[in-house]
Amino acid sequence: MKITVTKQPKAKPDSSKLGFGKFYTDHMLVMEYERGKWGEPEIVPYAPFSIAPATNVLHYGQGIFEGAKAYKRADGSITVFRIDDNFKRMNNSARRMCMPQFEAEPVKRALFELIKLEEDWIPTGEGQALYIRPTMVADEEVLGVHASKRYKFFILLSPVGFYYANGMQPTKILVEEEYVRASIGGTGEAKCMGNYAASLIGAEKAEAAGYDQCLWLDASERKYVEEVGSMNIFFVIDKEIVTPALVGSILPGITRNSCLQVLKKYGFKDYTVSERRVSMDEIVAAYESGKLKESFGSGTAAVISPVGVIGYKGRDMLIGGGKMGEVTEYLYNTVTAIQRGMKPDDFGWVEKVK
Ligand code: COI
């Protein structure tokens, strides 16, 4: 593989000020698709792309991405978490967006070389990791609306801390009733750029009203809970741990799936675990009867984030006294312990880079 090492390495950021997605390492992986096939992945210095104004991703948004993380352990070894699942989902997103499939194995090998080259950038504090952002965009200079014949695949690395500014403090989310993120048959279950663009208005409305994020409802009835946009959502209602079923408009989150598998394998006290439709009427009824015990979001960036308040129809429902509940804490501790090698990986999720 061709590797071009930068002549101007950057100063590393102060690890106490990482936030999320503000710093990028010195190198990135790039791979080009043209004439019906992918070229070899290459490692090059992180730098702006030169891109023609007519390039179709700039006009029609034919672009997809992923989010994964690498961790450095106390013994100096480096691991990634469920990276094969990220590449599998990326190929599913590519199919939905009429983009070419890629072979995951050589890309993964190249990614591992990139991570090894950037190992000094991997932060090791609580909640910190090296975020991996694989991206694929349409790269043809043409304005006709059809699938591009050229694509650019790239992977950026970013040292990150907690996604939310308040770390593990419970977040406040506002149910969005006016706009929708995705509908069944649309692109909601693909990790395509447009879904995130469509979600900005809800996030802005929520922030303006003093919340951290918005909670999306289904497009046809505005009745059923879908996801938060940067994370999937779970509720603990009495003795049931429930998350909306993947009906086609919801992102099939890898952390969501990890939570479900952890709960099913190890069990958690006498709780049942379900994936089903969850209506806001049910959430309100559970809240009013005192059965809405916990809520939390899951995502690669968000990890497991407690939700302390859900705002709906002008009322704030305070969950678990605004504190992290025991199911949320158990999942945070268990999933992060597996990710960081503090607990045995019984699932085959953790892969060694070095
Ligand atoms: C992730 O969790 O990796 C995401 O892609 C969500 C968000 C930061 C866009």
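**View 1. Strand β9 and its parallel neighbours.** Strand β9 (residues 171–176) pairs with strand β15 (residues 303–312) in the parallel sense over four bridges, two strands being paired if DSSP finds at least two bridges between them. Helices (H or I, at least four residues) and strands (E, at least two) are DSSP runs, numbered from the N terminus. This is a predicted model, in which local features need pLDDT of at least 70 and side-chain atom pairs count only at pLDDT 80 or more, while totals for chains, interfaces and linings use all residues. Residues are numbered from 1 along each chain as its sequence is written, and side-chain values use heavy atoms, with hydrogens and water left out. T171 stands opposite V307 in β15.

**View 2. The crossover from β9 to β10.** Strand β10 (residues 213–216) also pairs with β9 in the parallel sense, over four bridges, and C214 of β10 is the bridge partner of L174. Between β9 and β10 the chain passes through helix α4 (residues 193–208) in a right-handed β-α-β crossover, that is, with the strands pointing away from the viewer, the path from the first strand over the helix to the second runs clockwise.

**View 3. The largest pocket.** This pocket (an open set of points on a 1 Å grid over the protein atoms alone, where a 1.4 Å probe fits, with protein on both sides within 12 Å along at least five of seven lines) has a volume, the space filled by probe spheres set on the points, of about 720 Å³. Of its 34 lining residues, Y163, Y196, Q213, G229 and S230 are the closest to its centre, lining residues having an atom within 4 Å of a point. Helix α4 gives the most to this lining, with six residues.

Note on methods. Buried < 20%, exposed > 50% of the residue type's maximum accessible area, 1.4 Å probe, protein only.
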